[in-house]
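Please open the structure in the viewer and follow the selections below in sequence.

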Amino acid sequence: MFKKVSPYIGEYKKYTVWAVIMMSVGIIANVLPYFFLYQIIAPLTRGEHIEASFILVRVVAIAVAEIVFSITYVKGLEFSHISAYNTLKNLRVSLQGKLEKQPLGNINELGTGRIKKVFTDDIDQVELLLAHAIPEGIANIAIPLIIIVLMFVFNWRLGLLSLVPIVIGMFAMGMMMKAGFAQMNAYYESAAKMNNMIIEYVNGMEVVKVFNKDGESYKRFGDMVKSYRDFTIDWYKVCWPWMAIYSSILPCLVLLMLPFGSMMVLGGTIALDKMVLVFCMSFAVGPSVLKALNFAGKIPALNYKIDELEKLMEHPPLKEGTSGFKGNNLDVEFKDVHFGYEDTEVLHGVNLSLKQGTTTALVGESGSGKSTLAKLLVHYYDIDSGNIAIGGQDITDMSLEALNDQVAFVSQEQFLFNTTLYDNILIGKPGATKEEVLDAARRAQCNEFLERFPDGINTQAGDGGKQLSGGERQRISLARAILKNASIIVLDEATAFMDPENEEKMNAALDEIVKDKTVLVIAHRLSTIKNADKICVMKEGNCIAAGKHEQLVDECPEYKKLWDASVSASTWKVREA
Ligand SMILES: Nc1ncnc2c1ncn2[C@@H]1O[C@H](COP(=O)(O)OP(=O)(O)OP(=O)(O)O)[C@@H](O)[C@H]1O
Ligand SMILES: [Mg+2]
């Protein structure tokens with residue numbers, strides 16, 4: 001049962017053991033007062049005289065036992081929490097380790113909402129189970145067992161009678177769990193669906209508002225919440241009758257002992273004081289068994305949660321090598337590259353070589369696979385077959401650090417950390433001087449907007465960079481890449497958000513930056529890549545032609561079409577009324 005958790009408990013297992021010991025001592029201390037009570041009541045039942053001091057000693061003993069109970073219980077909880085929170089830490093670190101080894105592209109696809117839920121909400125639920133269910137559960141099972149054995153020793157008939165309510169209670173609980181298990185997966189799925197729906201609803205709020213989809217989207221959201229409510233109520237309805245039976249019968253061990261025991265006392269089969277003792281003991285059993293069974297019901301949920309957590313990270317880790325960069329030069333070679341995101345293949349055997357010190361442009365219709373090819377060069381995903389090499393060394397042979405040292409990637413979707421713009425640029429080359437950072441910002445045409453911000457380059461980027469416009473974000477990312485000064489530069493629509501004036505300046509800056517570098521550039525506006533050393537035309541996941549602009553205009557009808565479309569787009573005018 002604890003198989004799933006134990007790898008994560010690690011060296012903190014001893015704290016769990018101590019927690020169980022402490023709690024067991026606590027529960028014994030909690031049971032002892034019943035014996036002292038018996039010592040007072042028994043002589044009274046026999047009509048014997050007892051001294052006040054005799055009673056006083058027992059009363060003090062009861063008080064001491066209660067104090068011991070409180071202390072050991074608190075200590076037990078302390079130990080179980082040390083163990084639980086360290087287990088949670090191990091679980092988080094292990095998941096983070098797995099997450100780190102996942103292809104970056106997959107992490108982006110999982111989405112921050114889902115990852116946040118796993119790392120905080122799901123793992124925190126494991127806490128409740130680890131800190132309480134295991135130590136308290138074990139203690140609450142061990143103690144009743146000992147007491148029941150003792151009851152049998154004192155009087156086996158009464159012992160037997162005391163078992164009846166336990167058996168009935170356990171049967172009812174079993175029935176409840178059976179009904180619960182049957183629906184547990186569906187319950188968790190329904191809860192997960194609702195969570196994802198909430199995340200999607202919040203993330204998509206902008207689209208919903210802009211397209212006036214409020215009603216429709218809210219209805220879907222409302223339906224999901226209602227269906228979750230109906231599902232849980234239905235589930236509880238099945239469980240409630242059984243719950244009522246076991247919660248009322250289980251703590252009531254005297255149910256049969258009282259009538260039958262009294263008859264036995266009257267019949268002289270058993271002494272009244274013996275019966276009082278067994279009675280007193282029985283009061284300690286019920287609540288413990290009830291608690292233990294309640295916890296037992298939570299163990300499958302614990303397994304389910306950990307299973308879910310692991311499943312989320314199940315994707316095979318990225319094939320990352322350990323070598324440093326050992327390429328002979330900075331030529332990049334895509335050889336027969338096949339790749340698909342899920343089941344459908346997106347790139348069907350792309351061959352492309354980028355010569356060191358030259359600029360290669362990728363052009364093609366939207367969805368033809370340009371960004372995908374660029375992402376493969378920075379090893380966002382593993383390819384399905386073929387290979388990608390830099391200077392003859394396969395990129396799967398080198399570590400991600402080694403690859404990242406060689407390649408700077410300015411992607412189509414930009415992310416900025418919620419820190420200053422200065423720090424965001426500095427990521428490109430930690431340890432760079434202030435002058436270097438400012439120079440990179442200037443070369444990426446950032447000054448134009450930095451001057452408008454009261455805090456200039458020390459402005460906070462906001463969550464994910466949302467304080468900035470798309471174009472501004474892109475220029476900060478570009479500054480980051482410029483500062484990095486890597487030998488291979490991949491620019492995916494790096495100037496897409498820019499107005500013509502800035503784009504011109506940026507292109508001039510780019511010309512300077514890309515000198516002597518191996519550059520792969522993707523652009524929709526073909527005018528910007530007209531002078532590239534080589535242009536590769538992508539269509540439906542294939543590279544269908546490659547060459548210089550003039551040559552392609554003549555020889556490749558697809559390129560001609562793209563070029564014409566690009567030229568006419570740049571001369572578009574809003575129709576005058
Ligand atoms: N994360 C993803 N999961 C599944 N499919 C994807 C994913 N990203 C892209 N695709 C699919 O892969 C194909 C190629 O996409 P890609 O982003 O490479 O196109 P692109 O040429 O860069 O287009 P654009 O010019 O619009 O940026 C498309 O059909 C797209 O639907
Ligand atoms: Mg793209």
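Select ligand 1 in this predicted model and display the 12 residues around the ligand. Those that come nearest are Tyr 341, Ser 366, Lys 370, Ser 371 and Thr 372. Coloured by residue class, the shell around ligand 1 separates into 8 polar, 2 charged and 2 nonpolar residues.

Next, select helix α12, residues 370-377. This helix contributes 3 residues to the shell around ligand 1, the largest share.

From α12, proceed into the loop between α12 and β4 (385-390), and select His 379 there. Although His 379 is not a glycine, its phi is positive, at about 60°. Is His 379 buried or exposed? It is buried, because 23 other C-beta atoms lie within 10 Å, and the threshold for burial is 20 or more.

Now extend the view to the open sheet of 4 strands, ordered β2-β1-β4-β5 with antiparallel pairing. Its edge strands, β2 (345-354) and β5 (393-394), each pair on one side only. In general, the strands of a sheet pair through backbone hydrogen bonds.

Finally, move to the loop between α15 (434-443) and α16 (447-450) and select Gln 445. Gln 445 is likewise a residue other than glycine with a positive phi, near 60°. Gln 445 is buried, with 25 other C-beta atoms within 10 Å.

Note on methods:
Residues numbered from 1 in each chain as written. Chains lettered and ligands numbered in written order. Predicted model: local features only at pLDDT ≥ 70, side-chain atom pairs only at ≥ 80, totals over all residues. Near = placed C-beta within 6 Å. Helix = DSSP H or I, 4+ residues; strand = E, 2+ residues; numbered from the N terminus. Nonpolar A, V, L, I, M, F, W, Y, C, P; charged D, E, K, R; others polar. Buried ≥ 20, exposed ≤ 12 C-beta atoms within 10 Å, placed from the backbone. Pairing = 2+ DSSP bridges.
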